[in-house]
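Okay, thanks for coming, everyone.

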Amino acid sequence: MSEQTANAEPHVTISKRDRMYVSWRLTFIQACWNFERMHNVGMAYVMLPLLKKLYKDPEDFKQGLQRHLEFFNCHPYLEAPILGVVMAFEEEKANGTPIDDATINSVKVGMMGPLAGVGDPIFWGTLRPVIGAFAASLALSQSMLGPLLFFLLWNLIRISFMWYTQEFAYRQGESITDDLSGGLLKKITVGSSILGMFVMGVLVPRWTTMNFSMKISEFNNAEDSMVNFDQLVQQVNQNILSPDAIRNVINQINDGMNVNPTTVQTLSNILDQILPGVMPLVLTFFCIWLLRKNVSPIVIILLIFVLGIVLNALGIMS
């Protein structure tokens with residue numbers, strides 16, 4: 001920074017309104033994503049209003065803009081705490097603290113690595129499946145609240161997280177990097193991964209349906225295990241049907257008595273007796289095994305289509 005700028009504006013500060021505006025611009029950080037330097041143009045776009053306010057000297061402003069056009073890449077939501085620390089550094093630098101460009105860039109690089117691995121298990125692996133499953137349940141019941149609730153909840157969590165982590169990092173400044181070097185992020189990542197896998201495990205039998213209709217056995221039901229329709233039929237024929245007769249038949253059905261004279265045992269019945277939802281779980285593990293063998297997801301989807309068609313043609317599934 002030039003000596004003239006340091007002397008002219010020794011007490012320039014970033015207001016809360018400035019930080020709110022920057023937090024809003026952070027939403028669009030991936031609008032100009034590129035393969036060479038990833039989010040660097042987006043970061044420069046986010047910092048542009050602050051740089052104009054902090055550095056009145058054109059040369060200082062130019063140097064500040066160049067600082068944030070360096071390579072930058074992280075989870076888009078976890079870039080908020082990085083932005084908070086960077087704002088604190090830029091504010092100190094604008095007020096005369098001897099902070100060089102390499103220090104600011106090294107802080108960005110040092111933070112984006114640990115934080116990048118936290119975003120996926122928290123947001124993509126935990127929050128999104130949970131909120132999406134809840135919203136999908138409402139949508140399947142023909143409720144308009146499904147998509148609306150997903151949109152509102154997701155953005156409320158996203159905006160709140162980005163704002164409060166940015167504010168926390170801005171107020172902590174350089175000291176927040178000490179927390180990143182400890183085990184805090186590792187504990188958050190492991191905990192979020194476990195919760196995300198638990199949620200996905202719950203969703204497997206709920207959203208994966210496999211019906212093995214192949215007949216294994218068929219046997220006649222005992223007379224005393226059958227629902228007695230005789231009284232009901234007699235009263236209908238005599239046109240004297242009573243509520244008690246209807247209630248009696250309903251109670252017998254609710255007690256688990258058989259309606260049909262024969263019972264067909266299918267492959268699905270046997271598998272459900274062993275472990276309900278075991279085949280969707282086996283299919284899930286099979287897909288995970290294929291993914292670990294570097295099989296393309298498109299190939300896995302096509303394989304499931306072919307497998308379903310073949311098993312249906314053989315009469316094993318329906």
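First, the ground rules. This is a predicted model, so to speak of local features we need pLDDT of at least 70, side-chain atom pairs count only at pLDDT 80 or more, and totals for chains, interfaces and linings use all residues. Residues are numbered from 1 along each chain as its sequence is written, and side-chain values use heavy atoms, with hydrogens and water left out.

Okay, the overview. The chain has 14 helices and 2 strands; those are DSSP runs numbered from the N terminus, H or I with at least four residues for helices, E with at least two for strands. Of its 318 residues, 34% are buried, where buried is under 20% relative accessible area, exposed is over 50% and partly exposed is in between, using a 1.4 Å probe and protein chains only. As for contacts, meaning heavy atoms within 4.5 Å, take those with a separation of 6 or more: 76% of them join residues 24 or more positions apart.

Now, a helix pair. How do α5 and α6 pack? Helix α5, residues 79-94, meets helix α6, residues 101-140, at about 170 degrees, and the axes are 10 Å apart. The axes are lines fitted to C-alpha atoms, for helices over the stretch in contact, with angles from 0 to 180 degrees between N-to-C directions. So α5 and α6 are roughly antiparallel; that label needs an angle over 145 degrees, while under 35 is roughly parallel, 65 to 115 roughly perpendicular and the rest oblique. On the α5 side the contact includes I82, V85 and F89, and on the α6 side it includes I104, V107 and M111. The contact residues divide into 10 nonpolar, 1 polar and 4 charged.

On to the cores. A nonpolar core here is a set of buried Ala, Val, Leu, Ile, Met, Phe, Trp, Tyr and Cys residues joined through side-chain atoms within 4.5 Å. The largest has 39 residues, and among those with the most contacts inside it are I82, L83 and M87. Helices α3 (40-54), α5, α6 and α7 each supply at least two residues of this core. There's also a second, separate core of 5 residues, including F212 and M317.

M87 touches Q166, as well as M47 and Y170 among others, leaving out residues up to four places away in sequence. Q166 sits in helix α7, residues 145-172. Is Q166 buried or exposed? It's buried, at 0% relative accessible area. And what does its side chain reach? The backbone oxygen of R19, at 3.1 Å.

Last, a couple of loop residues. M38 has phi near 60 degrees, a positive value in a residue other than glycine, and M38 is in the loop between α2 (16-25) and α3. Q142, in the loop between α6 and α7, also has phi near 60 degrees. With 18% relative accessibility M38 counts as buried, whereas Q142, at 76%, counts as exposed.

That's my tour, thanks.

Note on methods: Ala, Val, Leu, Ile, Met, Phe, Trp, Tyr, Cys and Pro count as nonpolar, Asp, Glu, Lys and Arg as charged, and the others, Gly among them, as polar. A polar contact is a pair of N or O atoms within 3.5 Å; within protein, one must be able to donate a hydrogen and the other to accept it, and residues adjacent in sequence count only if both atoms are side-chain atoms.
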